[in-house]
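These are my notebook entries on one structure. I set down what I looked up, one topic at a time.

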Amino acid sequence: MKIERKSKNSKLIIKLAMACLLMFVVFEGYGQKISTSPTRLNFKVSPGGSGRGRITVSNNSEETQTFQVDFGDFDATRAGKSQFLQKGELPRSCAEWLSADPAFFELAPGEQQEVMLALDVPQDSTALMARWAVAYIRIANERQAQQKDSDGLIVNLNQSYRFGVYVFQTPPSVTFSKGEVIDFTHKGEELVLRLKNTGETFLKCNSYAEVTNLGNGETRRLESKNFTVLPASNRDVHFQIPKDFPPGRYSVLGVLDYGNRDEVAAAEIEITIPEKGN
């Protein structure tokens, strides 16, 4: 691979424990009837300063709903899926700096509510780096449900619905942005470009792969991917090789465009697509 820079009985115990868990489930029906906007808020607040952002909550269901707002942390896997954590679990959390007004409210069918989110940044060294959190808008009225497992054990579940708004805080003094390609691999019909955010800002990335047939020089670009990478985090971008590619040898250029107007990060590998059935 060439990496380059280019311009531009425990079973029973577990089941019993499940009965004590509060399950947060977003059902498709509620996803259609309750909505929040926007899905993310970006702040650029200096140490000692404050920022404000608005979230609009809409109740399009046929029932009056009670909502409450609270905060937590989130991280991201290599695949880009969010992992939700308790407030303050991550070193770079800003959840403790957030508050909401109102934090508890009721909406009749068809009503909307604007929630003012406040970010109050302390005047100390903890404020000198990018931080992030998630604001939860929860439907406060819990619903009781029962579930019977294969052994006949009845588990009582409290089902609560929540909707998340991602919060990103970048101090104005934090400007160093850099993304790197750390690996590029091929297995079967899949290409995997492994990336790392080695800068201090949140990277808004576009990644794509260009596949060149070494026999006839024809080049095709595979589908572009758009995503955000947290500081000091890795991300795997997967590209599927189309089934209509003829057998032969190919050069594949994997590209990471992370918003730097002067350069992109890239890696190049050679692959062989075998005859079908081989």
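With which residues is Asn-59 in contact, leaving aside its neighbours within four places in sequence? I worked on a predicted model. In it, I found Asn-59 in contact with Lys-33, Ile-34, Thr-64, Gln-65, Leu-107, Ala-108, Pro-109, Gly-110 and Glu-111, once its neighbours within four places in sequence were left aside.

Entry on the setting of Asn-59. I located Asn-59 in strand 5, which covers residues 50–59.

Entry on the polar contacts of Asn-59. I looked up which backbone oxygen atoms the side chain reaches. The side chain of Asn-59 reaches the backbone oxygen of Glu-63 at 2.9 Å. A polar atom of this side chain also lies 3.0 Å from the backbone oxygen of Leu-107, and Leu-107 is among the contacts I had listed.

I turned next to an open sheet of three strands, whose order is 13-14-18 and whose pairing is antiparallel. Why is one side of strand 13 and of strand 18 left without a neighbour in the sheet? Strand 13 (179–187) and strand 18 (234–240) stand at the edges, and each has a single partner strand, so one side of each has no neighbour there. From one strand to the next, the twist averages 20 degrees.

Entry on one pair of strands. I noted that strand 13 pairs with strand 14 (residues 190–197) in the antiparallel sense, over eight bridges. For Lys-187, I found the bridge partner Glu-190 in strand 14.

Notes. Residues are numbered from 1 along each chain as its sequence is written. This is a predicted model: local features need pLDDT of at least 70, side-chain atom pairs count only at pLDDT 80 or more; totals for chains, interfaces and linings use all residues. Side-chain values use heavy atoms; hydrogens and water are left out. Two strands pair if DSSP finds at least two bridges between them. Helices (H or I, at least four residues) and strands (E, at least two) are DSSP runs, numbered from the N terminus. Axes are lines fitted to C-alpha atoms, for helices over the stretch in contact, and angles run from 0 to 180 degrees between N-to-C directions. A polar contact is a pair of N or O atoms within 3.5 Å; within protein, one must be able to donate a hydrogen and the other to accept it, and residues adjacent in sequence count only if both atoms are side-chain atoms. Contact means heavy atoms within 4.5 Å.
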